[in-house]
Amino acid sequence: MPLKPIPSPPAYPLLGHAGTGVVDPTNSARSFALLRAKYGPIYTLNFFGRTIVLVSSQRLVNELCDESRFHKKVEAGVLEVVRNGAGDGLFTAYDGEENWGIAHRILMPAFGPSQILSMFPQMLDLNSQLLLKWERFGPDTPFDPAEDFTRLAFDTVALCVMNYRFNSFYEREMPPFIGAMGRFLVESGMRVQRPKVVQSWMKETNRQYEADIKLMVDVCDQIVAHRKQHPLPEGQKDLLSLMLSGQDSKTGRSLTDANIRNQLITFLIAGHETTSGLLSFTLYHLLSNPRAYAALQKEVDTVLGKEAINVHHLPKLEYANAVLRESIRLNPPAGAITVSPVQPTEVLGGKYEVRHGWNLLIDLNGLQRDPEVWGEDADEFKPERMLGGKFEQLPPNSWKPFGNGARACIGRPLAWQEAIMMLATLFQRFDIRFDDPGYHLQIKQTLTTKPKDFKIHAIPRQGARVVGPGVSAAEPEAATVQHVQIPTVDLKGKGTPLHIYFGSNTGSCEGFSQQVASDASAHGFLATLATLDSVEDPSKLPRDGPVLVLCASYEGQPADNAAHFVQALVDLSPANAPLKGVKYAVFGAGNHDWARTFQRIPTLVDARLEELGGERLAPRGVGDAGGADLFGEFDAWEKAVWPVLGKAFDTLSPPGSPRTEEEEDLVVTVAGMARTIRLRQPYLSQGICVENRVLTAPGVPEKRHLEFRLPPEISYRPGDYLAILPLNPPETVRRVLKHFQLLAETKVAIKSKGPTTLPTDEPISLQELFSEYVELSQPMTQRNLDDVLRFAPREGEERAALDKVVANAKVEIFDKHLSVLDLLEKFPCINVPLGHFIKLLPGMRIRQYSISSSPLWKPDHCTLTFSVLRELSRAGEGEFVGVASNYLAALKPGDTVALAVRPSAVNFHLPADSSKPVVMFCAGSGFAPMRGFIQDRAEQIAAGRTVGKALLFVGCRGPEEDFLYADRELAGWIECGAVDVRPAFSRHPELSEGCKHVQDRVWNDRTDIFPLYDAGAKFFSCGMSGMSQGVRGKCIQMIQERTNWGEEKSEERFQKISIERYSTDVFG
């Protein structure tokens, strides 16, 4: 087989890839992920003449793990820089270095099975310290698990290896050694990419680097001195004892003082960094996967119960073991193994020549996600793939988080026992929840990786106890009824308790919940508002008042802040009616375009609450986000549910009792914290607008291309969404100010008895308030209409005109999507006070747009392709101006925007195997995600990779009007073979094979689709509901034509295909 060149990104002469930005030294794991997605399972980089080859496929890695052909390489890499502090320790010793062999033979016996089990009491002691800390701070305190797991692992290594206590949990600040070590590792990684001459100029950096090394050396010298002054009792040994007195069985030599110091530094670094990262990533994955979370908790409850953990429990924790294996597969804290050929040259895979002296990096993040080993779902967290003998049957060298061969991690048994014990005792004692349910994994990197900005709440489980030295578990405490909620908002006042729980990603159900809470006092209730995931145990739902659940279904899945509650509800046994006494009602939101899963979660929650013994107070409310009146549907449900709640809990207002003035609930007086926090969107970051241009010709609805530079912590995949927090259009704000005859700079102070997203008790200008905090264009509902009519005159010509419109409200108000402001402008006689008007307005919501780019193009940039909504108002006067689209259209380069990436559905991503074909259907701005998919494939082709065929069916008006990107990117992508485009021009069908709509072109070209389907193609559809349904219908007809089946059987077949191979994103 002829040799092939190893793919490589473009580089500079002499400098190589230094300064090109292909590798971010602060997050190389992300850079390597993008590079392997673009260039494949092997590629090469060069920094100042130093060659690095990164390898990520199991087939090639299996060769690199052959120690007769390749050996560990420290030289000319980051490990050689780490030798500045760790010297010839086990981790950083050169291949063949004599001290490595001596130390390995002396120290290896300390990590035998019996020795590791003997460390159990010490590990449990330190586990208990962490658990006690979390218990004492309470469930409302957000913890950084990486920080506390770092304390735990650091103390564990010191106590179990050196019999030395740092007592990290008794200090507010982290031990100085940890800070010094972190800075040292970061700087060591940075130095690899710096020329020596540049390094010599960095005087302050160099001074800090040397100071950090000295601190680590001094700490280790202190440990040795302490041991010499306080030797262990006779017959007792630990690792430090072996270092000080052990003799090598082969040479008869002992470790030198310098080497002992290097080994101590090595164990303190490697021993605590990786374990803390493993445990932190594991918590993230469990919280993100409620089914796995529930399975682990069930195993812990079965194996441990209320007993204190002991060594006999460990082998029974099979699922916990699988969880850790799967977690470290997805996020190995140490992301690479470096080797080099023994001989002058070697050939990998029969076609890639590599040379002695080159750094060959086994990219563990890529290896352990190789789809040829792990399947198309390689990026998903599935502990089950490690159970039932599957782990043992893996191809050789496909799971390598602890290194390779003789140079593999010597402390693996210690780290694994420590992690199993911590996970089991933690789940025995606490329920864990995200501090921010919208959190998505970000990476913090030194020499190893950990989650960044990841925080949790630890909620004590009923009847559980912290167990450890000095704490007996012989008589567990009796369980007591306790209702813990985080985060909650309690309203001051009097009344029957009303418990409102919501599950919401886009804010609709949260807004509905807030509306119910605000209305509660007028109906005799005292409301408490919380997320569904704040309920740690559904069987402890309150009985002292009604429970209202408002939740959404997203393609059949629960909201991020409801996933654990739903899983717990499913797992709860109906035996003994655990929810007896709970009186509840459910309102659900969904989208009818996902017919197969419409209202799945609200239906499930409603049914399970009743099956488990709860009493349904009212029929489940159904809201359709894909319909015309989601807010009206909610208002109708709320209006119907209040009398039912009042009757059930005897809070009905006396007949004819006047409604209290709204200003008592929300007081606004003219008087003279951050917006994202107030609007409950704390995860939003700031992006920078780079480019904003029009894509369409004059005379057709405007579509734009918008490019953002993303903050460093944000990453995305083609197919994901960008969440934007907009501002109201200036012209809409001016309309409000004009109506109330107020100046923009007028200050108001807002006070509210209920939970609100408005800035309270702090003066704010009306310009800020109406621009940033409320939805001014929200179509009004029947409830809004009823409210504002109370402020209309009772008689006269104006009232007569108003009554005429109200009598035909469906046509004149609701079908025209009039807002409250529209109605007030149309009928100035409606004298709604300013405070009441503000109360009628929902809080500003985020909007989600499909990202239209690939990170392989620019990892820190993304683009949007969107329609600008500006049309004649249905009210008959002026324009209707879309809030978010016009906000985005007005952005200029340099403007900052509050944004965040939100993952799309699991299936709405390109297949992991880039050789798989894809078929895409879209129209208008539905082209956005398809552009990202095509760009991803084009970047791979430019890197020399072979990709599967991509077929795009796209609808628009015509080639000159709105054929998006046709003359620029799309033409180039067609030429390079990234995509085959089949347009449908609605105004010029003669230019598109006589086809007017996308579905027409699909049917016309169906013979080109069949071979791609047979080759395993994945199908994507994005656009308005009409287009989506039209394409769906043609696909079913194609099945009928090919199989001679009837329509019903063909539709059933299409539904099965849709589960894994046909993904839809519908809007409008």
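Student: What is the mean pLDDT of the chain?

Tutor: This is a predicted model. The mean pLDDT is 89, and 94% of the residues reach 70 or more.

Student: Where does pLDDT stay under 50?

Tutor: Start with the general idea. Where pLDDT is low, the predicted coordinates should not be read in detail. Here, one such stretch is residues 465–493, with 76 contacts beyond four places in sequence. Another is residues 654–664, with 8 such contacts.

Student: How many helices and strands does the chain have?

Tutor: The chain has 36 helices and 34 strands. Its radius of gyration is 32 Å, close to the 31 Å from the globule rule for 1068 residues, so the chain is as compact as a globular protein of that length. The C-alpha trace spans about 110 × 75 × 65 Å along its principal axes. Buried residues account for 56% of the 1068 residues.

Student: How is a pair of aromatic rings described?

Tutor: By the distance of the centres and the angle of the planes. In this chain the count comes to 42 aromatic pairs. Take Phe-587 and Trp-637: their ring centres are 5.4 Å apart and their planes stand at 50°, so the pair is tilted. Phe-587 lies in strand β16 (residues 583–590) and Trp-637 in helix α21 (residues 630–649), so the pair ties together parts that are 50 residues apart in sequence. Both Phe-587 and Trp-637 are buried.

Student: What about Phe-933 and Phe-1020: how are their rings placed?

Tutor: Their centres are 4.6 Å apart and their planes are at 45°, so this pair is tilted. It links distant parts of the chain, 87 residues apart: Phe-933 is in helix α31 (residues 927–942), and Phe-1020 is in strand β33 (residues 1018–1024).

Student: Are Phe-933 and Phe-1020 buried or exposed?

Tutor: Relative accessible area decides, with buried meaning under 20%. Phe-933 has 1%, so this residue is buried. Phe-1020 has 0%, so this residue is buried too.

Student: Which residues form one aromatic cluster?

Tutor: Phe-921, Phe-953, Tyr-1013, Phe-1019, Phe-1054 and Tyr-1062.

Student: Which charged ends sit over rings?

Tutor: Among them is Arg-191, with its charged end over the ring of Tyr-209, 3.7 Å from the centre. Another is Lys-1034, whose charged end sits over the ring of Trp-1003, 5.6 Å from the centre.

Student: Which residue does the UniProt annotation "binding site" cover?

Tutor: According to the unreviewed UniProt entry, that annotation covers Cys-409. Cys-409 is placed in the loop between α16 (371–374) and α17 (412–429).

Student: Why does Cys-409 count as partly exposed?

Tutor: Because its relative accessibility is 40%.

Student: Where is Arg-794 found?

Tutor: In the loop between α25 (782–789) and α26 (797–807). Arg-794 has a relative accessible area of 82%, so this residue is exposed. The C-alpha atoms of Arg-794 and Val-736 are separated by 24 Å, and the two residues are 58 residues apart along the chain.

Terms used. Residues numbered from 1 in each chain as written. Predicted model: local features only at pLDDT ≥ 70, side-chain atom pairs only at ≥ 80, totals over all residues. Heavy atoms only, no water. pLDDT = per-residue confidence, 0-100. Contact = heavy atoms within 4.5 Å. UniProt positions renumbered as here; feature names shortened; annotations may be inferred. Helix = DSSP H or I, 4+ residues; strand = E, 2+ residues; numbered from the N terminus. Buried < 20%, exposed > 50% of the residue type's maximum accessible area, 1.4 Å probe, protein only. Phe/Tyr/Trp six-rings, centres within 6.5 Å; stacked < 30°, edge-to-face > 60°. Lys NZ or Arg CZ within 6 Å of the ring centre and 35° of its normal. Rg over C-alpha atoms; globule rule 2.2 N^0.38 Å.
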